[in-house]
Amino acid sequence: MVNPFQAFRHYAGVRRELPLDRIIAQRDHVLQQLLQGYQAFVEEESRQLVWVVEQGALSRAYTTAVDVLQDIHFTAEDIEDMCTELDGASGAITPLGAPSGLFIAAMCNHTEEREITLNLRSMTRRWPFLGYRLPRGRRLFLEGDVGDFVGALLEGGEVTVTGNAGNYAGIGMRSGTLQIGYSSGKNTGEGMRGGVLRVQGRIAELGKIKQGAIYEGNQQVFPAEP
Amino acid sequence: MNWQDVIVDIWPQVRRKHLWPELAMPLVDDIETPGAMRMHDKQITLNVETCNTLAEHLPAAIVAEALLDHGISHYTRCPWDFATHLQLYSTAKAELGRKSLAKLATDSFIDVVANTSCVKDLPTPIPDIYRHLGGGVLEGALTALYTHIWGMDLQGSGDPALVRRLGRIPYLDRQQWIPSVRRFSRLLQPLFEEETRQQQTPLALGRHSLDSYSPEEVLQGLQAFAQQVSDIQQFRDTVGDFTEDLERLGFGAGRGLGCSVDADVLYYMQLAQTYRLPIRSLPMERSGSLEPYSHIPWEASKPVQDIDVWTSFGKLLPGVSQTWVRREGSTYGQREGTPDCLVMLDSSGSMTNPREHVSFAVLGAGCAVEAYLRREAHVAVYNFSDAYMDGKTVLPFGADRQEIYRGLCTYHGGGTSLRLRDIEALRRTAASPVPDLLLITDMQITNLEEVIDYLIGVDGRITVVHIGENSATDRFRQVTRHHPRLRVFTVQDHQDIPQIVLGQVQSYFAISSHRAASAPSSSWL
């Protein structure tokens, strides 16, 4: 069948290739890779019949996530896009709570940028384990509220949360700084071995702290001031 | 500089470039509102002051072509129609929370999409004018964004991290406009707030208001938007912000000053357009001929041609002879029509408040009203709760859609009793000899038995729509199942509304209860 509009094809202008097209194509490509990596990660973790938050499981899951992310070149903006995808929870991907948080933490720890800002305000989920094992020299700025275990096992990095944190904030942190703009939940600083934890608002309950310093507002609550 | 001559010279090639959009020749004038142009009902008017300012840096033809490309792209690319504009605005408002910020975000997003589409698809000098437009912080950031995504140096100023994030939004993918505008609004929120706080000049190429659309486009857009939103509150939140513009376009009560647009009424009016309920036509035309009806004694002053010779026994004597009294025949003709309709709507406490949640009762009543009004019949509204305690709204027969919907959307929220005297009085005022009755209720009426007796005895076709199921509805169906002119429908969801057939009867003529008892039950449930 002959296209009746064929005679008019020269009327249309020449479509330009804009940098926007390359940016979007690159973004989609990287996001696709990240989603595939996440799927592989989820399949690996799904082999565990019961996923329990304990040291061994965390370490294993984190290592799996790092392995999956090894050959993918992504930026801080890609991390935010990935968070948006996981938060949207379309049928293709399955957000898994704690393992998903570890995957995001692994992304934050292995991106090229040293300073990362994640806007979590418009997200419905409060991701746990953000800032997990953030190494020295990296800064993670989290706008909004976060879930449990923020800054867990912090290894010298700086984590700043503008909103509220959940339970077990700063659990097992070794060094570095964790700042929470509003309040934290129970067992704050549980197993903490160093570093500084500042909560501008209220601490619901302190955990069993070994070393380090915790501040509630301007007042030092651990070690307790004489 | 005679800008109109420049426009006249440049307009043919601009039209050709955009594949001949249906737009009138643009004009040039002094525009009071700040901005490079104004678009009203498909008429583009360029601001002569802006043109003169830009002409200091660029040739006049370039300035005119760039501004016209921008204006035309709003019709041909983004936002394309009013429904899209409302969706974008609604999304931006949900993200930002404030009307002023949402309007600024929507306008900015629309500009970015329109400009980028133009730059990608057509040879256009739009980038040239952005080098010289100036503006505040927001305009600087958008210019920096254009530099980033168009690959041209436009000398904008913006935070590089912000610009990088903005550059990752797929502006040219229409399917993703809703998540894109959400993200766009979130990223630029600090700049919007600063712009609003400092009350700086708005976007250099102008704001986008309802003036850009014709009343018909606005109507279609409202209808489409009413179908897209999840609940009435979202519709109210969005459309309520355009009240002044809608009033200016005549969407208010239509009489006198100070008549405001009722967003809830507008919502049901637009949503009711979605469902086209059928109405069974009724033979309406009388034969028109005078036929002998009865005898009266003949008087000398009366004409002699009507004397009935037989009953007069052949005598022509006053008081003895009998003459015919003639009356118009009651034979119906072939032409069918639609009678008027009296809508009785239950708005008691057991029914949904139509201004808080979508009320299927009001929506069904609206659909029925539309069906009758479309056929040039008149509609009366009897909105009742506890009618004996004055919990009622009565609207006589008429065709004023706004008033009818306002009557339907009134919520009394009290007890439930129907004052039959009011119904009968209202019914008798109909122009049609026998108006249709439409009763919408959940049947939890205090004087239900009286209502049943009344409906069984009244003339005319009766359509009853009940919301939900309970023992009272069973009782009603049980008693009325053999009624030849009464049909009962159940509505529990908006999908049940199209099942309603107004005026559905077994037979147009009354049949004896004998035959009615033997007729199979055919209520549409």
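Visitor: How many residues of chain B are in contact with chain A?
Guide: In this predicted model, 20 residues of chain B are in contact with 13 residues of chain A, contact being counted when C-beta atoms, placed from the backbone, lie within 7 Å. Local features need pLDDT of at least 70 and side-chain atom pairs 80 or more, while totals for chains, interfaces and linings use all residues; residues are numbered from 1 along each chain, with chains lettered from A in the order written.

Visitor: Which helix gives the most to that side of chain B?
Guide: H5(B) does, with four residues; helices here are DSSP runs (H or I, at least four residues) numbered from the N terminus.

Visitor: Switching topic, at what angle do H1(B) and H3(B) cross?
Guide: Their axes, lines fitted to C-alpha atoms over the stretch in contact, with angles from 0 to 180 degrees between N-to-C directions, come within 10 Å and cross at roughly 50°.

Visitor: What about H4(A), how many of its residues are buried?
Guide: Twelve of the 13 are, so H4(A) is largely enclosed by the rest of the structure; buried means that 20 or more other C-beta atoms, placed from the backbone, lie within 10 Å of a residue's own. Phe103(A) and Met107(A) are among the buried residues.

Methods: Helix = DSSP H or I, 4+ residues; strand = E, 2+ residues; numbered from the N terminus. Contact = placed C-beta atoms within 7 Å.
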